[in-house]
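This report describes selected features of a structural model, arranged by topic. The sequence and structure are shown first.

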Amino acid sequence: MGWLLPFDNLLCMALGISFTVWFTSLLVFIIVPAILGVSFGIRKLYMNSLLKIFEWATLRMERGAKEKNQHLYKPYSNGIIAKEMSTLEQEIQELRSSSTTLSSEPEFEMADIMSFCRRGVESIVDDEVTKRFSAEELESWNLLTRSNYNFRHISLRLSVLWGLGLLIRYSFLLPLRITLAATGIGLLVVLTTIVGFLPSGRLRTYLSEKIHMMCYRICVRALTAIITYHNSENKPKNGGICVANHTTPIDVIILANDGCYSMVGQVHGGLIGVVQRAMVKSSPHIWFERSEVKDRHLVAKMLSNHVADKTNHPILIFPEGTCINNTSVMMFKKGSFEIGCTVYPVAIKYDPRFGDAFWNSGKFGMVSYLLRMMSSWAIVCSVWYLPPVNREEGEDAVQFANRVKAAIARQGGLVDLLWDGGLKRGKVKDTFREEQQKLYSKVLVGDQEDQTGRSEYFTICSVTGIFTHNHF
Amino acid sequence: MGSTNSTLSKIPNVEELMRETGFSPAHIVRLYDRFESLDKEKTGHLRPEDFGAINRLAMNPIGDRIIGAFFSSGQDTVDFHSFVRILAHFRPAENNRPRDPSLPEPVNSRISKLKFAFQLYDLDKDGKISRAELLQVLRSMMEMQVTEEQLESIADRTIQEADLDRDDAISFEEFRKVPLGDTLTLTQQRVASK
């Protein structure tokens with residue numbers, strides 16, 4: 001057995017060397033820049049090369065589909081239908097021009113009902129609101145099986161690429177990320193506890209800020225999150241509340257990467273509980289017991305107290321109350337808008353091409369969600385800081401909340417849904433239906449009032465043209 | 001979001017459904033997801049109220065008639081198969097294939113689409129669109145300020161133009177001759193050629 005020993009030594013040496021190399025490179029390329037807050041630009045490079053690969057993959061699939069003379073199923077945003085973007089008037093004008101009647105004045109045609117019918121069926125097949133809760137579907141394939149609907153069109157080359165991708169993601173990226181995450185969280189817990197022993201004062205605040213930022217930066221690298229911050233001059237300041245749209249629990253890390261916030265939330269058990277308790281030692285956060293959550297007055301009081309002290313960091317709140325799939329913003333709960341301080345809206349938009357960040361809490365638990373996140377390619381997102389707003393005279397909390405929501409939706413390119421579960425459904429139905437009727441009537445009957453005046457007809461058409469631009 | 005196969009296996013007789021309607025497996029899955037999301041109480045059937053919950057449909061002036069088309073056979077619930085069959089009317093018609101006269105009329109042919117549209121007008125299902133029925137449709141599509149006389153004159157003119165056998169009603173044959181364009185089609189997403 002003597003001949004095994006040299007191999008044994010060699011093996012040990014090899015393992016030792018590779019571990020050292022691994023950790024050194026980890027340290028140099030990732031952890032030290034995180035601590036110092038600099039970036040080598042490696043992630044941007046990574047993102048661009050990934051995009052090129054995805055484009056290639058999609059083209060291959062399309063080519064494969066065309067060869068088999070089938071249509072590539074593109075589920076994104078329109079399902080099985082391509083919504084006509086034309087308005088009602090345009091459609092009706094088109095119907096007129098394509099019909100063979102020689103009459104040049106618009107009249108009622110039996111075909112007009114078709115436009116209404118088609119729109120009606122379109123909305124049965126697909127409507128804006130119900131889509132919001134399922135993960136946004138992609139047009140290009142990002143080499144993750146979880147987002148591929150066209151598995152029949154994968155060629156050999158593509159499968160090889162996918163297999164390679166799988167290998168890289170699970171055997172290289174995932175362990176790397178888990179190591180980083182563990183380092184980040186471990187450092188956070190240990191360092192905040194240490195700082196907690198210091199007497200409260202400027203030194204402690206300064207140190208705790210630095211520690212928080214450093215650990216969040218490490219966590220961001222653990223997820224390979226590539227974040228672009230816009231309008232940093234509007235960053236939330238002390239003594240205010242920061243509101244943002246909520247897609248995933250990772251939102252917290254994304255925002256805290258760029259500034260210090262005080263968190264609000266329920267006390268959890270387990271690892272998260274440990275982290276929560278550690279964080280509280282060095283800077284004030286608001287953690288509620290489960291029983292206290294129901295007591296809205298208590299919650300509001302604690303928030304007001306926190307905000308009143310100007311040395312405290314801004315509170316981070318997600319008023320939607322639940323994770324939405326990042327294509328729209330749903331109704332904001334009004335509690336945080338009643339406190340009466342400055343509100344700093346923030347819009348977060350994830351780029352879906354790289355991996356779906358949405359946490360569908362019905363489908364996945366927290367741990368499996370995090371594993372999915374860590375085994376996708378990257379998380380690319382944009383954060384916009386919007387100018388601070390205050391509640392105006394005569395505005396109640398709900399209107400204020402809606403105003404902020406609209407601003408966030410507009411900035412992030414998300415759809416602003418007024419849908420609030422049907423309380424006002426009766427009113428909505430009538431007014432909107434009347435508008436549709438009015439528009440249709442204008443096309444027809446508006447002209448019949450003056451059979452001889454062609455100029456009137458043109459005037460009316462231009463009026464409806466104005467309608468076209470504003471309303472639809 | 002899960003593989004297509006697992007969803008397909010949940011649907012009974014899915015092969016037959018695909019053959020009858022011409023939808024691809026991916027389309028069926030999409031429609032099934034949609035059906036499930038509309039069926040809020042998970043009963044496996046849709047009722048008129050479930051359709052009424054779609055805001056955009058409620059806004060549509062002929063929304064109620066469209067909902068009625070789904071429940072045309074007198075039942076008050078519609079299951080997934082009937083749902084898909086009715087939506088199949090809106091698939092683009094395959095005009096290039098020569099039709100085999102022995103096979104039944106495909107669900108998305110021009111004739112079937114026309115029959116569907118005719119149904120929207122002919123509420124009492126007597127095979128003719130009477131003047132009264134035409135007036136009803138006009139009234140629902142137009143705003144309140146359009147007067148009764150204006151509606152009646154539009155109805156009169158329409159019947160005059162379309163009614164060939166002078167029975168003051170429009171039968172399906174006469175309806176067919178009216179130029180109707182191609183709007184009763186929901187086009188599928190096409191692959192962009194690069």
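## Basis of the description

A residue is called buried under 20% relative accessible area, exposed over 50%, and partly exposed in between, with a 1.4 Å probe and protein chains only. The model is predicted: local features need pLDDT of at least 70, side-chain atom pairs count only at pLDDT 80 or more, and totals for chains, interfaces and linings use all residues. Residues are numbered from 1 along each chain as its sequence is written, chains are lettered from A and ligands numbered from 1 in the order in which they are written, and side-chain values use heavy atoms, with hydrogens and water left out.

## Nonpolar patch and annotated segments

At 45% relative accessibility, F29(A) counts as partly exposed. This residue lies in helix α1 of chain A; helices (H or I, at least four residues) and strands (E, at least two) are DSSP runs, numbered from the N terminus. F29(A) belongs to a nonpolar surface patch together with L27(A), V28(A), V32(A), I35(A), L36(A), V38(A), F40(A) and I42(A), and the accessible area of the patch is about 820 Å². Helix α1 (residues 4–36) of chain A supplies the largest share of the patch, six residues. Patches are made of residues with over 30% relative accessible area and no salt bridge; like charges are joined within 9 Å, and nonpolar side chains (Val, Leu, Ile, Met, Phe, Trp, Tyr) within 5 Å. Accessible areas come from the Shrake-Rupley method with a 1.4 Å probe, and for residues only the protein chains shown count as cover.

In an unreviewed entry, UniProt lists residues 20–42, 154–172 and 178–198 of chain A under "transmembrane region". UniProt positions are given in the numbering used here, feature names are shortened, and annotations may be inferred rather than shown by experiment. Residues 20–42 of chain A are 78% helix and 0% strand, with the end C-alpha atoms 21 Å apart. For residues 178–198 of chain A, the values are 90% helix and 0% strand, and the end C-alpha atoms are 31 Å apart.

## The sheet of chain A

An open sheet of seven strands in chain A has the order β1-β8-β7-β2-β5-β3-β4, with mixed pairing. Strands β1 (225–230) and β4 (286–288) of chain A stand at the edges with a single partner strand each, so one side of each is left without a neighbour in the sheet. Two strands pair if DSSP finds at least two bridges between them.

Strands β3 (residues 262–266) and β5 (residues 315–317) of chain A pair in the parallel sense over two bridges. Within this pairing, L316(A) in β5(A) is the bridge partner of M263(A).

## Salt bridges

Ten salt bridges are found over all chains, each being a side-chain nitrogen of Lys or Arg within 4 Å of a carboxyl oxygen of Asp or Glu. In chain A, K235(A) and D258(A) meet at 3.6 Å, N to O. K235(A) lies in the loop between β1 and β2 (241–244) and D258(A) in the loop between α8 (250–256) and β3, so the pair ties together parts that are 23 residues apart in sequence. K235(A) is partly exposed at 27% relative accessible area, whereas D258(A) is buried at 16%.

In chain B, R131(B) and D156(B) form a salt bridge with the closest N and O atoms 2.8 Å apart. Because R131(B) lies in helix α9 (residues 131–141) and D156(B) in helix α10 (residues 148–162), the pair ties together parts that are 25 residues apart in sequence.
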